[in-house]
Each structure stands twice: as C-alpha cells, then as structure tokens.
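I'll jot down what I look up as I go, strands to begin with.

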Protein chains: 2
Amino acid sequence: MKIIIDAMGGDNAPAAPVKAAVKAAEELDVEIILVGKNDILDKELSQYSYKKNKITVVNADEVISNHEEPAKAVRSKKEASVVVAAKLLKNGDGDAMLSMGNTGALLASGLLIVGRIKGISRPALATLLPSAKGPKMLIDAGANTNCKSDNLVQFAIMGSIYMRNVLAIENPTVGLMSNGEEEGKGDELTKETYPKLKNAPINFIGNIEGRDVMEGTADVIVCDGFVGNVILKTVEGMGHVVSRKVKGMFMRGFITKLAALFVMKGLNEFKQTMDYREYGGAPLLGTKRPVIKGHGSSDAKAVFSAIYQAKKFVETNVTDEIVKNINSMEDKAND
Amino acid sequence: MKIIIDAMGGDNAPAAPVKAAVKAAEELDVEIILVGKNDILDKELSQYSYKKNKITVVNADEVISNHEEPAKAVRSKKEASVVVAAKLLKNGDGDAMLSMGNTGALLASGLLIVGRIKGISRPALATLLPSAKGPKMLIDAGANTNCKSDNLVQFAIMGSIYMRNVLAIENPTVGLMSNGEEEGKGDELTKETYPKLKNAPINFIGNIEGRDVMEGTADVIVCDGFVGNVILKTVEGMGHVVSRKVKGMFMRGFITKLAALFVMKGLNEFKQTMDYREYGGAPLLGTKRPVIKGHGSSDAKAVFSAIYQAKKFVETNVTDEIVKNINSMEDKAND
C-alpha cells in the first residue's frame, strides 16, 4: 500500500511529515510518497536511515499557503504540492493521500482532481472529536455550508460506514444535531432531514443537542458544515482555555507543582482526552479515493496517527462500501 | 422596584426561588412578587423571617412542566404561574419578571402576553457565557430558528445596549459567528448580515469563529438561535464533562485528595469559571418589559444572581434605550 503525503503543508512541515513518514515506513508496512520540493525533502530525509524502496520523493515546486483563496490557488498553481499529490492519487500511483496544509485547498483538490464518487453530490469533512465515551465523528465539519437534506443523509451513511470499518464500532449510532431532542425541533433543514434519516440504512437515534457532543451520545453527529465548523472550533477553543486554566492551577508555586506530581497520572489522561493528536486526521468522505486532512499544527506523532488512519481507511474498503450503499439507494429510488 | 418571580418553575422550585426572594428582599432594596400556588408558597415562606411588605404572593393554580408544548400550554393554561406572572408584568404590577421553568413557555409568554417592542420582529434570548476574558453574550441563544439578517442586526444592537448598561462594558465589541474570519466566509445568512452589521450603530469587529467563544474575542456574539443553542449546549456539556474529569483526577485515592488541598484555590477559581450560577439568567431582549430566564437547575444562589440582574436590567433603562435605537434606525431608513 502507498500513502501519498503533501510534505509541505502544515505548521511543522516538512520536518513533521518526513519524520512520521520514516517511522511509518518502518512500522506500518506501507510505502510513502512524499510530495514537495526535492532538495528540501532530500535534505530532511538525509538525517534518517530507512529502506530506500519504502519512501519516494516526488517533486512539486509550489506550495499553497493558508492565506490563499483555496479553489483559485488549486486551479492556478499546477505545481503545488497538494495538487501534485492529488494527481498522483487520481492516477492510481498511491492508495490514499494526506495533507496538513490549507484545508480549503485540500477540499478543492479532492473535489476537482480526485473527484466525487458518482451519486455523492457533496463530499464531507469528518472529524473525530473526544467525548466521555471515546472518539465520535462530526460530519460535516466544515466542507459544505448551506446543505440540503439529501446531503445530510449521505453524510450519515458515509460516516456510519467509516466508524464501523475504521473504528470497529458495531452498528454505529447516528444523531442529527438540532436545538432540541423532540422530532419536531430544529430549523428548516433538520426538520426536513429527520424523516429521511429515519428511512436511511443507518442506526438513527433521533435529534441530539450540543451537550451530546462531549457526552458521546451518538457515534456519528450529522450536521451542516457551517454548524459543524462552529462546533469543532468551539470544542477546540474550550479545550485550549481549559487546559491553560488547569495548567495555571498547578503552576502557581512550589506546593501546587508538588501537587501536580501526585495527580500526574490523572493529568496525563486528561491531557490525552483533550489531545487531537490521538485521533489522527479528518477524512474527506465521498471522493473516489481516500483523502485525509491532518491538523495544521500536527507534530510527527499526529502525522503518524493520520498515516495509520489512512492505511485503515484503505484496508477496510470504506470507499467501495460507500459506492455500494449509494448505488443500492439509487436502485431503490428508481424501483 | 418590584420583581415578579414564577416561583413554580425550575428543578429546585419552589424552595430555591423562595429562599432567593427572602435574601433579595433583605439585601437588594427590591420588592418581590412570588407567583404560584398560595398554600405551597405560604408554607415555604413560613420558615423565614422577612418584612411582610417586601414579599407578596399571587396565586396561580397551574404549572407548565418542561415536557409540555410551550405555545399551546401558554394559550390553554390561563392559570399557569408563568402566564400569571407575565400578565402582572404586562399590567405594570411589577418592573421585571423571572422564571426558571420551561424556556419555550417563558418565551411564548414574553411574546404573546408581555409583547414585543414596536419595530422588533423577533425578541432574542441572550445568554452570558464564561470566557478567558470574563462573561460574554451569546445572542440569540435559542429563541429563534431560521432568522433573517435584519433579525441578527437587531440582536447585535440589543446585545450591545445590554452589555454596556448592565455589565458596564464601554463600547462592547460585536462579532458575527461564522465558519471563518474573512468577510466572504459564512452561510447565506451571515454573508447577508455582514455588510448590514458594518453599517449598524455598534462596534462591529467582523466574523468570529467557534474558538472565539471561550477566548472571549467579542463581548457580543451574534448568531441565529439554532446555532446559538448548539453553541450554548456544547459549552455546557463540555463544562460538565471536563469538571467530572478534573474531579475524578483528584478523587482517586488519599494522595490525590491531599493534592486537591494544595490547589484548592485554583480549583475553586476553575469551578467558578465553569459555573453558570455566577452569571445570573438569560435576558429576553426585545419585549416591552424585562423578562429573564433563569437556568432550570438554578439553586437559591443562582436565582439571587438572576434577581440582581433583573434589578440592573430595570435600573439601567435597557428597554428604553432599545426602543430609542430602533426608532432612530427606522427614522433613518425613512429619510
């Protein structure tokens, strides 16, 4: 299996992706294609020892920064690392791709270059969030604003398949994010979506509310990308503020630092719960081949998690199953 | 000044509202009208000593529970405590009202009985949320789904007036909740609202994102009630989960409990930050007289905070200023 990595994207590129690639080539039984400036990547790689047949560098002279208008940049910068990576994926030179760079540019590359699965009108970004009951999926976490109910139904189906295959959750529960639990609650979009989810081939548990995100009430949280982005960033922001507060609580003086030693185990577990790095990247679901968005601030550990996740994404045939499900739904609709 | 309290609403009614009323009558230079079943309230009051001319009981034989359909219940239950309270407010028998009961029923009572300020098409529920920079306002926190851009502009104006008058924040900043900071980001609603907020008589700082909620980037966070409800409940839910985790960290054994003593001061500050009780209730902005929703799980301390807040709401002439601002905007529009 070959995983293609946009090695120029993200706050810690190219150091973090290269380090993670070396570790993955060693430990995960995968080959890695690193895409980016030849000389920079070769120099970065030269400090490691690794099997040369496991890691290939493909040159890409340009980079799309976080400040560029994504779709425009993808169209105009033919030699951007994310664009070259997407072309390799499209051509079958690799089995999945991963980028820690500009989210919009990765989404645009997925849509415009890798291409949508036939029948999927809007691929969705699916993020794994920590909860009291383990990682849960938020879909769509920001790829699409102004969704239609049929989009949300497809998100629910794709998310369920991913959680079942990649995270090994049997019969994953699906909740529709709304402003109340009762069936009648919601805005126009969720009210229209509710009955459709009831009839979809998923384990639908009804409306859920914001408080269910962290409680982990549903394995798959379905929402429009605007709402999903707000949830994701609210949780991230609160995680930062709370972590700072907890840290501040222990850093006041000698005695409180001593106390920190006593609760080190609990502190580490707490940190781990709040740590996005444990959860790999965010899969873009609905493209013809697996595309994964790694967090912009990923260190080597986080990139490694995302490579591991990409491997599982490929191995467990998520994409094929999405295709099969969408086809069978279309067949039913045509009956 | 007279504050009307629906003494039958909320998880801890009537004990908490009655206890808070006695304390408020003693300490806040206000008179209190308690609305609910005569015999129950008289019995509850009989355990306290207080100046009889400071607290009046007005009988209301019915209660609207949290499980009832709000608008229907408000129309059919003429003797419900929240309905009777709203009628007293409308008739000028008191200066503000407060309920910890069914949120929808309070909103419906505010709308149907107290009535909207002329020119305000949708009164909004404004919640104060904790942040790294003190309490910030989320408006609309759930009264209205499917808002129009003109509604959001009115929310921004009303929220700014409240934050300036009641929380004494000079020139409060207003942020529009979106899925990206740039002006072009957002869904249809926020894209349409952005230019209108730029021209409104407020201190608009542009789009903000979910992470800004807890960072406290804006004093007033403007959004549709669907999104606001999701944010509010996500933050509340995360607060619960994190508090449980932090508590669990210290309750593992003797040594960790000892450690808790060392960081007691920090722990208490942490708890306080996460504690909705510090922030009083959620004002409904845009009704002819002040209406405040207290948290359903309010204890006497939280009800007391909400009474204090109701008093400031009245004293600082928030409602009059909203009327003035809306009139002057209409005059401009008609010029």
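This is a predicted model: local features need pLDDT of at least 70, side-chain atom pairs count only at pLDDT 80 or more; totals for chains, interfaces and linings use all residues.

I started with a strand pair: S5 (residues 124–129) and S6 (residues 136–139) of chain A run antiparallel and are joined by 4 bridges. Strands here are DSSP runs of E, at least two residues, and helices are runs of H or I, at least four, numbered from the N terminus. I looked up one bridge and found A:Leu128 partnered with A:Met137 in S6(A). The two strands form a hairpin with 6 residues between them, and A:Gly134 in the turn has a positive phi of about 90°.

Residues are numbered from 1 along each chain as written, chains are lettered from A and ligands numbered from 1 in written order, and side-chain values use heavy atoms, leaving out hydrogens and water.

Next I checked what else S5(A) pairs with (pairing takes at least two DSSP bridges between two strands). I found 2 bridges to S10 (residues 282–285) of chain A, also an antiparallel partner, with A:Leu125 bridged to A:Leu284.

Is S5(A) mostly covered or uncovered? Covered: 6 of its 6 residues are buried (under 20% relative accessible area with a 1.4 Å probe, protein chains only; exposed is over 50%, partly exposed in between). A:Ala124, A:Ala126 and A:Leu128 point one way, and A:Leu125, A:Thr127 and A:Leu129 the other.

I read an open sheet of 11 strands in chain A, ordered S3-S2-S1-S4-S11-S10-S5-S6-S9-S7-S8, with mixed pairing. S3 (55–59) and S8 (203–208) of chain A are at the edges with a single partner strand each, so one side of each has no neighbour in the sheet.

Last, I looked at the two chains together. I have 50 residues of chain A in contact with 50 of chain B (heavy atoms within 4.5 Å). They bury about 4,500 Å² between them, 70% of it on carbon and sulfur atoms; that is accessible area (1.4 Å probe) lost on being put together, summed over both. In chain A, A:Phe226, A:Met238 and A:Met249 lose the most area to chain B, together 15% of what that side buries.

I also noted 4 salt bridges between the chains (a Lys or Arg side-chain nitrogen within 4 Å of an Asp or Glu carboxyl oxygen). One of them links B:Arg244 to A:Glu215, with the closest N and O atoms 3.2 Å apart.

Methods: Buried area is the accessible area (1.4 Å probe) that two parts lose on being put together, summed over both.
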